[in-house]
Each structure stands twice: as structure tokens, then as C-alpha cells.
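Hi,

Here is the structure I promised to pass on to you. Please have a look at it, and then read on for what turned up.

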Amino acid sequence: LARGRSTMAIALAAFLQLLLLPLLSLAAVFLLHARASWRLHKGAAPYPLLGHLPQFLANRHRILDWVTEVLARQPTCTLVFHRPGGERGVITANPANLEHVMRVAFHNYPKGPRFASALHDFLGRGILNVDGHAWRAQRKAASYEFNTRSLRLFVARTVHRELHGRLLPLLRRAAGSGCRLDLQDTLERYAFDNICRVAFDHDPRQLPDGDAAESAATKSTASSRFADAFRDAANLSAGRFRYAVPGLWKIKKALNLGSERRLRESIAVVHGFADGIIRSRREEMRMGCEKHDLLSRFMASQQGEGYTETALRDVVISFLLAGRETTSSALTWFFWLLSSRPDVERRIRDEVAAVRARRAISDLNRPGFDLDELREMHYVCTRPSRSRCGCTRRCR
């Protein structure tokens with residue numbers, strides 16, 4: 001009996017060895033592959049099943065810094081981001097990739113239903129959240145309107161007023177008093193004032209007038225509530241893409257919990273404010289009042305006759321978001337890079353001085369520059385467009 005048990009134990013041990021040996025071999029191969037992949041991707045290799053979830057959770061509080069660090073370590077400044085469930089996305093800071101996706105082969109990269117679903121509550125069917133015919137129709141209409149002389153002059157007057165009436169006095173006060181200024185926040189407010197005026201001729205007054213010590217926007221007004229709600233709605237909508245478990249925001253939305261409750265409240269403020277402006281603009285246009293902002297031009301065009309209030313609101317909100325984010329980001333990067341390049345600063349000063357010197361004597365003290373003068377500043381106009389990506393120089 002004892003001999004029989006011993007024989008069975010030996011047989012069982014041999015069976016387990018035969019069973020475990022391939023598994024151990026596969027595990028060793030997998031570990032070696034994972035180690036090689038980790039070295040190849042410099043710490044950005046995905047885990048089996050989990051993808052990049054561990055790295056994402058560890059760096060969630062500094063997501064932009066982490067993504068920037070990872071991209072800077074990649075040979076092509078590009079990372080394929082893996083999420084649990086097999087979802088993947090491409091994050092890139094490579095100018096060649098951006099040009100391919102955004103211009104050369106734009107039709108091959110639709111936003112898709114997941115993107116549109118996450119942003120629909122805020123953007124509806126605006127140009128930033130649609131594909132195909134709807135995107136082409138809005139782009140065609142907007143492109144035409146932005147090339148009209150009346151709108152371009154309106155934009156130039158708006159920017160001139162905001163620059164010389166608010167931004168420059170604010171910077172002078174900060175320089176004179178020696179106090180620190182959050183330039184990114186200041187430029188976001190500057191851009192939001194401008195794009196609101198351009199989009200529907202409304203002034204949210206995010207920057208103070210002239211030499212005023214405090215901004216009127218700091219008071220509890222409808223404009224300040226709209227600006228705060230717009231900022232929150234944009235941030236919370238983007239946050240839907242940062243959930244560790246994709247689609248979790250849908251459950252929170254259905255239960256009206258946490259960030260989704262705040263998002264619903266913010267969107268209600270934004271939509272209510274925009275709807276009010278659209279209704280009042282219709283009344284003004286019926287009374288023969290002529291305006292040159294983007295909303296008025298859309299409503300006055302042949303295509304605008306078929307736009308519902310909801311469609312007009314979606315168009316305007318998309319342009320508000322696009323104008324606020326792109327302008328402030330480009331200017332922030334531009335001034336940050338300019339602070340470390342005195343040679344570029346010197347060339348900009350020389351070009352501005354040269355253009356001003358060509359003015360008539362009676363026009364020398366006129367503040368700012370008109371559109372024709374700005375077109376002469378070739379070096380100045382190309383600098384901000386080259387400063388939007390910190391990885392650009394290394395990726396070329």
C-alpha cells in the first residue's frame with residue numbers, strides 16, 4: 001500500500017512538472033518580452049489586460065505633466081495609449097503626425113461615436129463634435145464668414161479694444177507694482193473676452209477696464225456666472241475621457257452624482273445664457289439692427305434661415321471653446337519660450353519698430369497697428385504658430 005502511494009505521488013509530481021513546465025516557460029518568455037518592451041518604450045509599456053491603467057492612476061493628479069514626459073521620451077513623440085477592455089488611442093506631439101491627421105488625411109480620422117457622445121451634452125452638434133456633411137457645412141459657412149471684410153474689421157476692432165483697454169493696462173500695473181501675474185490665466189480671460197465679442201457681440205468682462213483695480217467680472221453678474229460655468233463645463237466634459245473605467249461617467253450622469261451633477265448645472269447656465277442672447281438677437285434683427293459678429297452673420301445668411309435656436313447655440317459654443325483654448329494656449333507657450341530667447345525678442349522689436357517707422361508723421365503716436373501693418377510683420381506673425389508644441393524642435 002505504501003509503495004502504491006509512493007508510485008502515485010511520483011506520477012502526480014511528474015504530471016505536474018509536465019503541466020507547469022510549459023506555463024513557466026511562457027511566463028519567462030512573457031517577462032523577458034515585457035522587460036524588453038519596457039526598456040524600448042522607456043517606462044511607457046502597457047500591462048497585459050490593464051494596459052496603461054497603473055501608470056495612469058499613479059499620475060492622474062498630474063496627467064498633463066506625465067503625458068508630456070512620456071512623449072518626450074518616445075523617439076517619435078507618439079504613444080499608443082491602451083485602456084482596459086482593449087480600447088486604444090494615439091497621443092502625439094509630432095508635427096508630422098498632427099499635419100497628417102488634421103490636414104492631409106483628415107477624412108480618415110472621424111471623431112466617432114464615443115467622442116461625440118462624451119461631448120454632446122456641452123457641444124451638441126457644433127462643428128467640434130460632428131463628422132461628415134454636418135462638419136463640412138459648418139466649416140464652409142464659417143470659412144466664408146471669417147473671410148468677409150466686415151467681420152475681419154470687427155475682429156480687429158474687438159482685439160484692439162481688449163488689448164489696449166484691458167490687457168496692456170493690467171500688465172503695466174503688474175510691472176509697476178512688482179506683483180506676480182498668472183499669465184496663462186490672464187491670457188485665458190483675454191481670449192474669452194475677445195471670442196465672446198466676436199462670436200455674439202457680448203462682453204463678459206473677464207479682464208478689468210483700463211486702470212481699474214478690480215474687474216467688474218469679479219462681481220456676481222450674469223456675465224461672470226456664464227464665464228465660470230463655461231470654464232467648468234469645458235473642464236468637466238474633458239474629464240469624461242480621463243476615467244479609469246471607460247463609460248463610468250454615464251452611470252454618474254444617470255444617478256446625477258458628483259462631477260456629472262456639477263456638469264449638468266454648468267451646462268444649464270451656459271445654454272440658458274446663450275439662448276437668451278440668440279432670442280434677443282433675433283428681435284434686434286427684426287427691428288433692423290445691423291451687427292457684424294459671427295452669430296448675427298450666421299443668422300443673416302441664407303443658411304442661417306434654417307438654423308434652429310439649438311443649432312445656433314451649438315455653433316456659437318463650439319467657436320467659443322475653440323477660440324478660448326487655442327488662442328490662450330498659443331500665446332502662453334509663445335511668451336514662455338520668448339522669455340528664454342532674447343535674440344528672438346530683439347528681432348521682434350526691430351520688425352515692429354521698422355513697421356512703425358514707415359507711418360506718416362501725423363500717425364506716429366497712434367496706438368496699436370491696423371490689419372495692413374500686421375501683414376507686414378512676417379517674423380512676428382510666424383512666431384506664435386511655431387511655439388504651440390514643446391516637442392516640435394526635437395521631433396523634426
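Helix α11 passes helix α13 in a right-handed crossing, where right-handed means that the near helix is turned clockwise from the far one by less than a right angle, and left-handed means anticlockwise. Before going further: this is a predicted model, in which local features need pLDDT of at least 70 and side-chain atom pairs count only at pLDDT 80 or more, while totals for chains, interfaces and linings use all residues. Residues are numbered from 1 along each chain as its sequence is written, and side-chain values use heavy atoms, with hydrogens and water left out.

Back to that first pair. The axes of α11 (residues 258-286) and α13 (residues 309-338) come within 10 Å and cross at roughly 115°. Axes here are lines fitted to C-alpha atoms, for helices over the stretch in contact, and angles run from 0 to 180 degrees between N-to-C directions. The two helices are therefore roughly perpendicular to each other (65 to 115 degrees; under 35 counts as roughly parallel, over 145 as roughly antiparallel, and the rest as oblique). On the α11 side, the contact (heavy atoms within 4.5 Å) is made by Val270, His271, Ala274, Asp275, Ile278, Arg279 and Arg282, and on the α13 side by Glu309, Leu312, Arg313 and Ile317. Sorted by class, these are five nonpolar, one polar and five charged residues. Ala, Val, Leu, Ile, Met, Phe, Trp, Tyr, Cys and Pro count as nonpolar, Asp, Glu, Lys and Arg as charged, and the others, Gly among them, as polar.

The second pair is α7 (residues 149-177) with α8 (residues 183-200), packed at an angle of about 150° with their axes 10 Å apart. That makes α7 and α8 roughly antiparallel to each other, and their crossing is right-handed. Residues of α7 in this contact include Phe154, Val155, Leu163 and Leu170, and they meet a set in α8 that includes Leu187, Tyr190 and Val198. By class, the contact of α7 with α8 has nine nonpolar, three polar and five charged residues.

For the overall picture, the protein has 17 helices and two strands, both taken as DSSP runs numbered from the N terminus (helices H or I, at least four residues; strands E, at least two). Of its 396 residues, 36% are buried (under 20% relative accessible area; exposed is over 50% and partly exposed in between, with a 1.4 Å probe and protein chains only). Among contacts with a separation of 6 or more, 61% are between residues 24 or more positions apart.

Now the aromatics. The structure holds 13 aromatic pairs, with rings of Phe, Tyr and Trp (its six-membered ring) pairing if their centres lie within 6.5 Å; planes under 30 degrees apart count as stacked, over 60 as edge-to-face and the rest as tilted. Phe122 and Phe230 have ring centres 5.4 Å apart and planes at 65°, so this pair is edge-to-face. It links distant parts of the chain, with Phe122 in helix α5 (residues 112-123) and Phe230 in helix α9 (residues 222-239), 108 residues apart. Both Phe122 and Phe230 are buried. Trp333 and Trp336 also form an edge-to-face pair, with centres 5.6 Å apart and planes at 90°. These two tryptophans are three residues apart in α13, and so separated by about one helical turn. Trp333 is partly exposed at 33% relative accessible area, whereas Trp336 is exposed at 55%. Ring pairs also link Phe122, Phe192, Phe200, Phe226, Phe230 and Phe273 into a cluster.

- Ser266 lies in α11 and counts as buried at 9% relative accessibility. Leaving aside neighbours within four places in sequence, Ser266 is in contact with Ala229, Asp232 and Ala233.
- Ile63 is in helix α3 (residues 63-73). Its C-alpha atom is separated by 9.0 Å from that of Arg242, 179 residues apart along the chain.
- Asp201, in the loop between α8 and α9, has a positive phi of about 50° although it is not a glycine. Asp201 is partly exposed, at 22%.
- Asn256, in the loop between α10 (248-255) and α11, has a positive phi near 55°. Asn256 is partly exposed, at 31%.

Best wishes
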